[in-house]
Protein chains: 4
Amino acid sequence: MGLVSQVFNEEKMRPLVGHMAIGHTRYSTTGSSKLENAQPFVVESVLGPLAVGHNGNLTNAAALRRELLQRGVGLTGTSDSEVITQMLAGGDGRTWEEKLKVFMVRAQGAYCLTVLTRNALFAVRDPWGLHPLCLGRLGDTGWVVASESCALGTIGAEFVREIDPGEILMLTEEDGPQTVTRMPASHQAGCLFEYIYFARPDSVLYGATLHAVRVAQGRELARESPCDADVVIPVPDSAVPAAIGYAQESGIPYSEGLIKNRYIGRTFIQPDDRLRKLGISLKFNALAENLANKRVVLIDDSIVRGNTSGPILRLLRDAGATEVHVRVSSPPIRHPCFLGVDMATYPELIAHRLTIPEIQAHLGADSLAYLSLEGLIRSTRRDPGNFCRGCFTGEYPVDIEVVDKEVFEMR
Amino acid sequence: MGLVSQVFNEEKMRPLVGHMAIGHTRYSTTGSSKLENAQPFVVESVLGPLAVGHNGNLTNAAALRRELLQRGVGLTGTSDSEVITQMLAGGDGRTWEEKLKVFMVRAQGAYCLTVLTRNALFAVRDPWGLHPLCLGRLGDTGWVVASESCALGTIGAEFVREIDPGEILMLTEEDGPQTVTRMPASHQAGCLFEYIYFARPDSVLYGATLHAVRVAQGRELARESPCDADVVIPVPDSAVPAAIGYAQESGIPYSEGLIKNRYIGRTFIQPDDRLRKLGISLKFNALAENLANKRVVLIDDSIVRGNTSGPILRLLRDAGATEVHVRVSSPPIRHPCFLGVDMATYPELIAHRLTIPEIQAHLGADSLAYLSLEGLIRSTRRDPGNFCRGCFTGEYPVDIEVVDKEVFEMR
Amino acid sequence: MGLVSQVFNEEKMRPLVGHMAIGHTRYSTTGSSKLENAQPFVVESVLGPLAVGHNGNLTNAAALRRELLQRGVGLTGTSDSEVITQMLAGGDGRTWEEKLKVFMVRAQGAYCLTVLTRNALFAVRDPWGLHPLCLGRLGDTGWVVASESCALGTIGAEFVREIDPGEILMLTEEDGPQTVTRMPASHQAGCLFEYIYFARPDSVLYGATLHAVRVAQGRELARESPCDADVVIPVPDSAVPAAIGYAQESGIPYSEGLIKNRYIGRTFIQPDDRLRKLGISLKFNALAENLANKRVVLIDDSIVRGNTSGPILRLLRDAGATEVHVRVSSPPIRHPCFLGVDMATYPELIAHRLTIPEIQAHLGADSLAYLSLEGLIRSTRRDPGNFCRGCFTGEYPVDIEVVDKEVFEMR
Amino acid sequence: MGLVSQVFNEEKMRPLVGHMAIGHTRYSTTGSSKLENAQPFVVESVLGPLAVGHNGNLTNAAALRRELLQRGVGLTGTSDSEVITQMLAGGDGRTWEEKLKVFMVRAQGAYCLTVLTRNALFAVRDPWGLHPLCLGRLGDTGWVVASESCALGTIGAEFVREIDPGEILMLTEEDGPQTVTRMPASHQAGCLFEYIYFARPDSVLYGATLHAVRVAQGRELARESPCDADVVIPVPDSAVPAAIGYAQESGIPYSEGLIKNRYIGRTFIQPDDRLRKLGISLKFNALAENLANKRVVLIDDSIVRGNTSGPILRLLRDAGATEVHVRVSSPPIRHPCFLGVDMATYPELIAHRLTIPEIQAHLGADSLAYLSLEGLIRSTRRDPGNFCRGCFTGEYPVDIEVVDKEVFEMR
């Protein structure tokens with residue numbers, strides 16, 4: 001439990017020997033970080049030791065869980081990952097390769113897996129290709145698999161390629177990476193939200209750096225929804241590339257108008273009710289000299305629950321902005337994600353409850369425009385048929401079995 | 001991880017609500033304390049939640065473990081307790097009562113279980129009755145189950161009775177304790193080492209306080225192996241009752257000759273090799289005024305590996321004892337325990353390697369005598385057919401499947 | 001903060017180099033353990049680095065503290081030890097020897113000091129000799145100073161002699177121990193409570209092992225206050241030697257009647273009011289077989305607040321004792337200690353509030369007798385003029401400046 | 001010890017009552033974080049309790065420390081702050097106001113103090129005004145003092161004014177803030193490095209937001225050292241405003257070329273020598289699409305030791321940049337800071353060892369230019385006589401007593 005840099009210190013790393021390893025970092029949302037859910041999930045099985053790291057969300061997890069309980073397996077936690085691990089440990093198949101294929105036939109939804117067995121490490125990506133998974137090379141003899149390609153640079157590895165949707169890639173000491181199979185899917189369905197917010201700007205997805213895609217989103221947005229203003233400013237840090245793109249396309253100067261308070265800790269501000277009311281505005285300080293007497297285009301990458309934008313607009317106006325025009329580099333998010341992005345529930349989504357003019361009024365903006373779905377897809381330079389558009393349209397690439405309405409929280 | 005009084009503090013106890021609970025304390029031997037092996041073991045099963053606390057040692061655990069892996073259950077740890085839990089979660093039977101009976105048919109060896117389900121708490125003792133398990137009453141409406149009866153007084157509960165060998169006792173909120181069944185055994189086989197050392201002197205076993213049984217052991221020993229001496233002293237704390245008994249029967253005055261250094265920590269003495277050589281003698285200080293120019297009868301409850309007795313004898317002689325006669329209130333331990341007492345392996349047992357005269361020479365004693373097996377059993381005032389004598393005779397009440405020669409350490 | 005064996009682990013000890021060191025363990029009473037008061041107290045001074053470890057209690061600490069504040073020294077904590085350290089750092093004298101002598105002229109009350117400077121370690125005992133301090137030899141070249149001689153055996157050192165009352169002993173690498181001076185006192189005043197309870201039984205004080213002195217107390221008590229009874233039992237652990245002495249002198253058999261619950265933690269029993277009411281009896285379990293239908297002599301070493309004895313007597317009667325005669329191996333404690341033994345305040349002392357017959361009634365004893373002051377002193381085999389009798393008579397060897405009525409707690 | 005948000009959690013804050021408080025966060029450089037040096041430093045003094053928080057560096061601390069030792073004060077740590085605290089506790093003066101004035105007469109160098117006494121909180125800034133200190137208003141009745149004005153927004157307070165150089169400001173419950181005195185200085189000497197790097201961009205210093213000053217630095221730099229290039233990119237995060245200014249003035253488009261790896265922990269990369277060699281480049285990933293086939297102006301705020309710039313340039317070239325022109329928005333740093341900015345020692349400063357062309361060659365840049373001292377000062381829009389230019393010119397506003405050449409590390 002804790003930050004990677006605190007937990008994996010020298011003392012803990014030094015005694016680890018061997019030539020294959022997997023690890024996992026959890027994108028922690030309030031309350032869901034428990035030691036029992038920590039990954040990788042490790043068990044002894046009839047084929048020997050098995051460790052599984054999993055990102056994503058199975059949409060038929062509840063049904064698969066019931067199957068396991070019926071089969072007589074006692075389950076210690078509540079995570080998908082234990083379900084996947086026990087499905088592999090006890091599923092049909094004489095080899096790990098067979099067991100992985102059987103798993104992929106049965107599993108619905110988003111999963112990127114790293115699976116460590118005694119003799120091989122497997123990297124597995126769901127057939128829809130919902131979330132990214134990539135292969136890197138480390139020096140002459142090392143190989144590494146990561147969700148996002150930006151992680152490769154951090155350890156001095158080089159990007160080789162993405163794991164294909166539906167691919168099982170086996171890495172062994174003798175033979176390095178070898179494709180076991182590519183399981184077919186009716187269609188591909190890459191997550192558009194990775195392009196908008198989730199993936200880091202220096203990651204590469206389908207050949208394009210996300211920073212460049214986001215700059216292109218800003219340019220599309222400037223073409224679709226131009227604006228007569230003096231300055232373009234981003235909501236830092238995630239909207240910076242789109243704001244640069246909007247500024248480049250529109251010719252309105254780019255500047256910074258908000259500085260993030262990096263050291264705001266949750267616990268520190270809880271004791272004081274007055275602070276809670278001031279709320280989100282404490283996350284940012286406004287730079288009055290860039291805002292006073294100016295007409296501002298504020299670029300945000302997305303509006304999910306709509307709680308942060310209102311206070312930000314008040315900050316800008318208090319700092320002297322005469323007009324604030326909000327431009328959002330993604331379409332309205334009207335539906336939850338059931339495929340691995342912890343976002344929000346229906347009642348929490350502002351664009352589910354309100355029309356765009358109502359949202360504009362709620363935020364107190366002088367104008368509000370969203371990027372169109374077509375514009376968003378155009379910015380990726382990929383085939384429009386390749387995407388999951390669930391959170392925008394409510395049409396998901398797989399059936400959604402909604403067992404309990406979980407409350408997700410983003411940001 | 002940690003001491004009960006440190007771990008179960010107010011902060012952790014206060015939020016716990018409900019009317020049934022189980023807990024478990026591990027008798028920690030070097031290296032075997034790991035969080036994964038902490039009990040109770042808790043799983044979700046097809047019949048709902050299940051928690052299992054287990055004391056003892058299954059002699060067919062390895063075979064049962066293989067069965068579970070074959071059945072497709074991935075096992076996260078190495079403990080018997082997880083094997084038992086998964087056997088219950090996935091075993092035959094429509095009810096917990098049936099599943100427990102099926103388990104008892106399959107399990108060989110020592111087990112005292114507390115099993116918590118949604119509606120009932122079960123207390124289960126193996127048919128051989130190898131280790132103790134008892135029922136207590138707490139106020140007007142409460143019930144409590146514990147391994148040793150001395151625990152009852154600690155929380156203000158009163159001893160009601162022992163759980164019988166082979167008994168499944170079900171406790172529910174509505175009906176209190178009810179016997180589900182008494183599974184038959186070919187014979188009973190209570191652990192004699194509980195009488196000698198393991199159980200606390202204020203515990204009650206088959207109607208007798210262990211303190212009284214140990215005083216009787218000392219009296220038997222005085223009759224079997226008398227000695228011409230000036231003072232009887234115990235190895236504290238465990239041999240105090242036997243020394244009192246020896247003194248009473250022999251008429252030789254009882255006194256203290258050794259004071260235990262309660263604050264010796266393992267880590268503190270490790271850095272210094274010289275200290276390691278001084279070794280065990282540092283655990284005790286000798287009281288010269290009770291020993292100088294005296295012939296001493298030193299009472300010990302048992303000699304397992306023989307490492308402590310030699311340094312103790314040197315301490316006594318350095319303090320001026322003219323003769324030291326060692327009397328042991330149990331027979332020579334020549335075989336390991338495979339039934340739940342972490343004792344020692346064959347090569348570690350001094351009485352497996354050496355004859356009694358050789359042990360006497362090794363210790364540097366003026367004489368050495370052990371209590372006879374008959375004398376030991378007589379001190380219990382129970383039927384001689386009711387005991388496990390494995391550590392003395394090598395004849396165990398159940399078949400022993402020795403998978404890996406584990407190295408146990410006692411004291 | 002924590003137990004010695006937990007705090008001074010290998011990791012912390014290994015990097016410590018050098019040939020001289022001092023350490024300190026605090027006898028922790030509720031609430032007074034704070035990091036700021038941890039010893040040794042270390043400062044940089046005009047004569048170089050200075051570290052001071054202190055046991056005892058200065059009776060003029062408040063006046064000395066005011067002097068330091070007047071002199072312009074800011075004090076970080078509330079302990080005597082910082083006062084002593086700053087007095088040494090800034091007091092008159094060109095050398096540490098001179099500064100120590102000046103300190104001893106100014107200080108009133110109980111102090112045993114270890115003082116570490118760059119070139120020497122000093123051991124200092126107050127002129128009244130209130131509490132013990134001794135010198136030991138460790139191998140051929142090492143020297144060690146400790147409050148109680150029992151600590152020497154723990155590290156393999158040998159007892160050499162006590163530091164004399166008023167002595168400043170200087171230990172250097174070149175010359176070993178050398179007496180700097182012996183500061184004179186009007187008279188000596190050794191603490192009698194060390195003989196009764198405080199010092200460990202295997203410690204040596206003025207040539208006598210405390211165990212033997214306590215056995216002698218029991219013999220004196222048997223002569224002064226005999227009793228017609230079947231069994232002598234101690235309140236464990238501290239009254240065991242006196243009970244052995246009483247049994248030897250009276251001819252009544254010695255036995256155990258109470259087993260201490262070593263694992264009772266404060267926090268564990270707090271949550272439950274019912275347990276609090278059961279209170280102290282939970283510290284012990286009674287051994288019914290040694291008590292039922294017996295007339296019992298219960299030996300306690302002292303009665304301070306009288307809270308533990310009543311519940312113990314109820315335990316004994318519940319276990320079947322027909323009579324309970326309490327014999328206390330010390331006189332009634334009617335006055336607090338202001339000289340280093342954390343005992344109790346006037347209103348807490350039962351013998352300050354009640355007469356002996358009233359105490360007997362309060363305890364519910366069939367008879368009650370205390371050892372006489374003369375008998376206690378006789379058991380030490382030392383000159384009667386050599387003792388502090390303050391807690392028995394209210395006459396202290398030094399003036400007591402009672403600044404704030406601190407509430408001490410013993411046991 | 002730890003991060004503010006981890007240490008000052010609800011549990012620790014809730015029990016704190018009262019209406020005045022001070023706290024202190026240490027800018028931690030390797031090895032210097034010790035509990036003994038934690039602030040505020042708290043003592044009991046002859047005028048009652050005293051707590052002192054201190055930012056800065058006294059240049060005559062060693063001499064003041066010797067004075068205290070001569071006066072007989074034992075010092076527990078090595079920090080300036082304890083010296084200041086004991087000077088106040090024991091210095092001349094009948095009131096805290098007098099004692100503070102006496103301190104300011106004696107102290108040389110940089111100090112911003114918060115001093116808490118029983119009845120008042122004092123905010124004190126050295127007469128040279130080396131580092132910032134400001135007053136804010138919290139609601140209707142609260143007042144707050146902070147080093148940087150950006151901290152005010154974080155807790156919902158409003159900026160009122162800076163504490164003047166040489167000012168002693170007293171805050172009491174009854175009267176709020178009142179100026180006690182303004183101690184005179186021969187001249188003012190505000191730290192220029194606060195303008196360049198140290199202070200946060202949303203802080204206000206002498207009426208100007210630092211973000212705006214830094215944008216102005218970039219504009220000055222563009223005028224002084226123009227460049228024929230395709231894109232302006234900053235070294236994130238600190239050089240972003242200067243890069244925006246350079247882009248605005250030069251007309252060359254602003255873009256991002258480097259993404260910071262926020263999660264690089266020191267310990268995590270230590271185990272592996274290969275990683276250490278890759279070194280600083282791991283702190284950043286390059287965005288190839290913004291760099292490939294482009295002539296790049298790289299804006300950095302300062303070059304101190306020159307270790308980071310070389311690897312960054314290699315990153316840019318590996319990503320395809322055809323030319324890299326380095327522009328630094330401050331003059332060459334040729335001298336250490338002895339006045340509170342932990343920077344570097346003479347041998348570590350690259351501009352002390354090398355000429356500008358040598359530095360250009362060392363970095364592998366196509367061109368290199370620094371902002372002139374005049375340009376830097378012009379960007380502040382303040383009187384040129386008001387600054388400390390020590391790190392650029394070696395001429396400091398106060399005498400420097402260099403006792404031990406401490407090795408500072410910046411970044």
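A:Cys388 is buried in this predicted model, with 27 other C-beta atoms within 10 Å, where buried stands for 20 or more such atoms, exposed for 12 or fewer and partly exposed for values in between, the C-beta atoms being placed from the backbone. Local features need pLDDT of at least 70 and side-chain atom pairs count only at pLDDT 80 or more, while totals for chains, interfaces and linings use all residues. Residues are numbered from 1 along each chain as its sequence is written, and chains are lettered from A and ligands numbered from 1 in the order in which they are written.

A:Cys388 lies in strand 19 (residues 387-388) of chain A, strands being DSSP runs of E with at least two residues and helices runs of H or I with at least four, numbered from the N terminus. Leaving aside residues up to four places away in sequence, A:Cys388 touches, among others, A:Cys191 and A:Tyr396, a contact being two backbone-placed C-beta atoms within 7 Å. A:Cys391, in helix 17 (residues 390-393) of chain A, is buried as well, with 28 C-beta neighbours inside 10 Å, and its contacts, counted with that same exclusion, include A:Cys337 and A:His335.

The unreviewed UniProt entry lists A:Cys191, A:Cys337, A:Cys388 and A:Cys391 under "binding site", in the numbering used here and with a shortened feature name, although such annotations may be inferred rather than shown by experiment. These residues span 201 residues in sequence, yet no two of their C-alpha atoms are more than 10.0 Å apart, so they gather at one spot.
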